[in-house]
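Subject: the structure we talked about

Hi! My notes follow just below it.

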Amino acid sequence: MRTIKVTTLSDKKSIYINIDMIGHLYEVEEKDFNRETKKYTVIGTTTHNNGGFKVIESIQEVFNRIKAEE
């Protein structure tokens, strides 16, 4: 099993995701009133229908980590 380590947006903890089970990736940019813009990446897996994991790494960083596992 090949995994990458990423950091959750909510509590800044590390999680490991099996790269063979990644179904989709997309970047989100949220703007709240009087707050900074938040950017994060959602990593969806093919094994769960939970909307995906919100992580602080950019899509490019995720791709770089996947490439490093090859």
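Let's start in a loop: Lys12 sits between strand 1 and strand 2. (Helices, H or I of at least four residues, and strands, E of at least two, are DSSP runs numbered from the N terminus.) Lys12 has a positive phi of about 60 degrees, although it isn't a glycine. For background, most residues other than glycine have a negative phi. Is Lys12 buried or exposed? Its relative accessible area is 53%, so Lys12 counts as exposed. The cut-offs are under 20% for buried and over 50% for exposed, with partly exposed in between, using a 1.4 Å probe and protein chains only.

Before going further, a word on where this comes from. It's a predicted model, so local features need pLDDT of at least 70 and side-chain atom pairs count only at pLDDT 80 or more, while totals for chains, interfaces and linings use all residues. Residues are numbered from 1 along each chain as its sequence is written, and side-chain values use heavy atoms, with hydrogens and water left out.

Thr8 is at 12% relative accessibility, so it counts as buried. Its side chain makes a polar contact with the side chain of Asp11, at 2.3 Å. (A polar contact is a pair of N or O atoms within 3.5 Å; within protein, one must be able to donate a hydrogen and the other to accept it, and residues adjacent in sequence count only if both atoms are side-chain atoms.) Leaving out residues up to four places away in sequence, Thr8 touches Lys13, Ile15, Lys54, Val55 and Ile56. Contact here means heavy atoms within 4.5 Å.

Next, the overall layout. The protein chain has one helix and five strands, and along the sequence the pattern reads β-β-β-β-β-α. The C-alpha trace spans about 45 × 25 × 20 Å along its principal axes. Of the 70 residues, 30% count as buried.

Which strands form the open sheet? Three of them do, in the order 3-4-5, with antiparallel pairing. The edge strands are strand 3 (22–30) and strand 5 (53–55), each pairing on one side only. From one strand to the next, the twist averages 25 degrees. Two strands pair if DSSP finds at least two bridges between them. In general, strands of a sheet pair through backbone hydrogen bonds.

You can follow the pairing residue by residue:

- Strand 3 and strand 4 pair over eight bridges in the antiparallel sense, and His24 stands opposite Gly44 in strand 4.
- Strand 4 (residues 38–45) is joined to strand 5 by three bridges. Ile43 has Phe53 as its bridge partner in strand 5, and Thr41 has Val55.

Strand 4 is mostly covered, with six of its eight residues buried. Helix 1 (residues 59–69) lies across strand 3 and strand 4, running at about 150 degrees to strand 3. (Axes are lines fitted to C-alpha atoms, for helices over the stretch in contact, and angles run from 0 to 180 degrees between N-to-C directions.)

Last, the charged pairs. How many salt bridges does the structure hold? There are four, where a salt bridge is a side-chain nitrogen of Lys or Arg within 4 Å of a carboxyl oxygen of Asp or Glu. Among them are these:

- Arg2 pairs with Asp20, the closest N and O atoms being 2.8 Å apart. This pair links distant parts of the chain, 18 residues apart: Arg2 is in the segment before strand 1, and Asp20 is in the loop between strand 2 and strand 3. Arg2 is partly exposed at 32% relative accessibility, and Asp20 is partly exposed at 46%.
- Glu30 pairs with Lys38, with the closest N and O atoms 3.8 Å apart. Glu30 is partly exposed at 30%, and Lys38 is partly exposed at 38%.
- Arg65 and Glu57 meet through their side chains at 3.4 Å, N to O. Arg65 is partly exposed at 31%, whereas Glu57 is buried, with a relative accessible area of 5%.
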